[in-house]
Amino acid sequence: MSLWERLLAGARTMALIEDRIDRLERSVDRLRDDVSTQERRLVQLEVIIFGPVPPDTLRLPR
């Protein structure tokens, strides 16, 4: 394999790795949004079940 072919193969590999990293970063962002949404829903359910309490009072372990 010539130097040129190795360089092209390396460039292709780098492009694939960068694409995969971008997709993983987007997935992490979506998962963080999902966790935030679930935390807000939990707080809403706690208010429904237990009624309003001061924000520093911890009822359910997180």
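Biologist: Let's start with L8. Is L8 buried, partly exposed or exposed?
Modeller: L8 counts as partly exposed, because its relative accessibility is 36% and that class runs between 20% and 50%. Keep in mind that this is a predicted model.

Biologist: Where does L8 sit in the secondary structure?
Modeller: L8 is in helix α1, which covers residues 3-50.

Biologist: Nice. How many helices and strands does the chain have?
Modeller: The count is 1 helix and 0 strands.

Biologist: What is the reach of α1 from its first C-alpha to its last?
Modeller: The 48 residues of α1 reach 69 Å, which is close to the 70 Å expected at 1.5 Å a residue.

Biologist: What happens just after α1?
Modeller: G51 comes there, and G51 takes a positive phi of about 85°.

Biologist: Switching to charges, how many salt bridges turn up in the whole structure?
Modeller: The search finds 2. In one of them, D19 pairs with R23, with the closest N and O atoms 3.1 Å apart.

Biologist: Why are D19 and R23 separated by about one helical turn?
Modeller: Because they are 4 residues apart in helix α1.

Biologist: Which residue forms a salt bridge with R32?
Modeller: That is D29, and the N to O distance is 4.0 Å. Both R32 and D29 lie in helix α1, 3 residues apart, about one turn of the helix.

Biologist: How do R32 and D29 come out for exposure, buried, partly exposed or exposed?
Modeller: R32 counts as exposed because its relative accessibility is 56%, and the cut-off for exposed is over 50%. D29, at 42% relative accessible area, is partly exposed.

Biologist: Last topic, the chain as a whole. What percentage of the residues is buried?
Modeller: Buried residues make up 3% of the 62 residues in the chain.

Biologist: Great, thanks for the tour!

Key. Residues are numbered from 1 along each chain as its sequence is written. This is a predicted model: local features need pLDDT of at least 70, side-chain atom pairs count only at pLDDT 80 or more; totals for chains, interfaces and linings use all residues. Side-chain values use heavy atoms; hydrogens and water are left out. Helices (H or I, at least four residues) and strands (E, at least two) are DSSP runs, numbered from the N terminus. Buried means under 20% relative accessible area, exposed over 50%, partly exposed in between (1.4 Å probe, protein chains only). A salt bridge is a side-chain nitrogen of Lys or Arg within 4 Å of a carboxyl oxygen of Asp or Glu. The expected span of a helix is 1.5 Å times one less than its number of residues.
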